[in-house]
Each structure stands twice: as structure tokens, then as C-alpha cells.
Amino acid sequence: MMRNTTNTHSGSKLLNIGFGNVVMASRIVAVVTPTSAPMKRLREEARVAGKLVDATHGRRTRAIVITDSDHVILSAIQAETVAHRLQCALDPTDDRAEASDQSGRDNQTRRRGVADE
């Protein structure tokens, strides 16, 4: 059975998942943390099926993004940050979102001493 791959998402927003990598926001089903055993199994199953996309640039995986096409995308950005960016992309009328996202980024930079993006 073949899925319809016609692009019907021409007005969709792109979600930055780190290091210049973007995902179509409307295609995201879930953003989860990678530490639980079920998420580790999901990652391995996606790798075997050829549906794993590693967007970490060699850094530690901090979020797993699952799409409606069953692709599993690994990101080095915190799951909370990705979820917040997704919320902002889907609801651009929320003015608090941008200020909060910048504040979180500043806090992460201070903790590490350097930015990883």
C-alpha cells in the first residue's frame, strides 16, 4: 500500500530542530524524550526500517520527533524547547512564546558556557 505523498501543506510552518535542520510543523505527531526503553526500541525499529533521521550533528540526542509518515527524527535540542517551538509555529498569535524561547536559550547557554547551535 502506497501513501499519498502529494504536498498539500503549502502554507505550513517549518520547525527548527537545531543546527539549521527543519521539519514541517503540521507533520509532527509527537515530541518525546529519548531516555525510556520504549523510545530506545522505537529508535532502533526506525533505524531498521530506514525511517530514522539523525539531526544531532554528533551531539547527544535530547528529543525524538515522530512524524505522521512514521519517520523518527533525532534532535540535540531539549524536547521541551522543540515542543515550545512547535506550539509557537502552530499558534503564532502567542506573543509570550518568542520571549520565553529566547530566555530558555540564554539559560542553556549560561549553563554550558557555550551555545551548541
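Reader: Why are R47 and E44 separated by about one helical turn?

Author: Helices (H or I, at least four residues) and strands (E, at least two) are DSSP runs, numbered from the N terminus. R47 and E44 are three residues apart in helix α1 (residues 37-49), so about one helical turn separates them. This is a predicted model, in which local features need pLDDT of at least 70 and side-chain atom pairs count only at pLDDT 80 or more, while totals for chains, interfaces and linings use all residues. Residues are numbered from 1 along each chain as its sequence is written, and side-chain values use heavy atoms, with hydrogens and water left out.

Reader: How many salt bridges does a search of the whole structure find?

Author: A salt bridge is a side-chain nitrogen of Lys or Arg within 4 Å of a carboxyl oxygen of Asp or Glu. The search finds two. R47 forms one with E44, with the closest N and O atoms 2.4 Å apart. R27 forms one with D68, where the closest N and O atoms are 2.6 Å apart. R27 lies in the loop between β2 (21-24) and β3 (28-32) and D68 in the loop between β5 (63-67) and β6, so this pair ties together parts that are 41 residues apart in sequence.

Reader: Is S75 buried or exposed?

Author: Buried means under 20% relative accessible area, exposed over 50%, and partly exposed in between (1.4 Å probe, protein chains only). S75, in strand β6 (residues 72-75), is buried, with a relative accessible area of 0%. By contrast, R27 is partly exposed at 28%, and D68 is partly exposed at 32%.

Reader: What does S75 touch?

Author: Contact means heavy atoms within 4.5 Å. Not counting residues up to four places away in sequence, S75 touches I17, T56, R60, T61, R62, A63 and V82. The backbone oxygen of I17 lies 2.6 Å from a polar atom of the S75 side chain.

Reader: Which residues in the largest nonpolar core touch the most other members?

Author: In soluble globular proteins, nonpolar side chains tend to be buried together. A nonpolar core is a set of buried Ala, Val, Leu, Ile, Met, Phe, Trp, Tyr and Cys residues joined through side-chain atoms within 4.5 Å. Of the 14 residues in the largest one here, L15, I17, I28, V65, I73 and V82 touch the most other members. β1 (14-18), β5 and α2 (79-90) each supply at least two residues, and α2 gives the most, with four. A second, separate core of six residues includes M39, A46, I64 and V72.

Key
A polar contact is a pair of N or O atoms within 3.5 Å; within protein, one must be able to donate a hydrogen and the other to accept it, and residues adjacent in sequence count only if both atoms are side-chain atoms.
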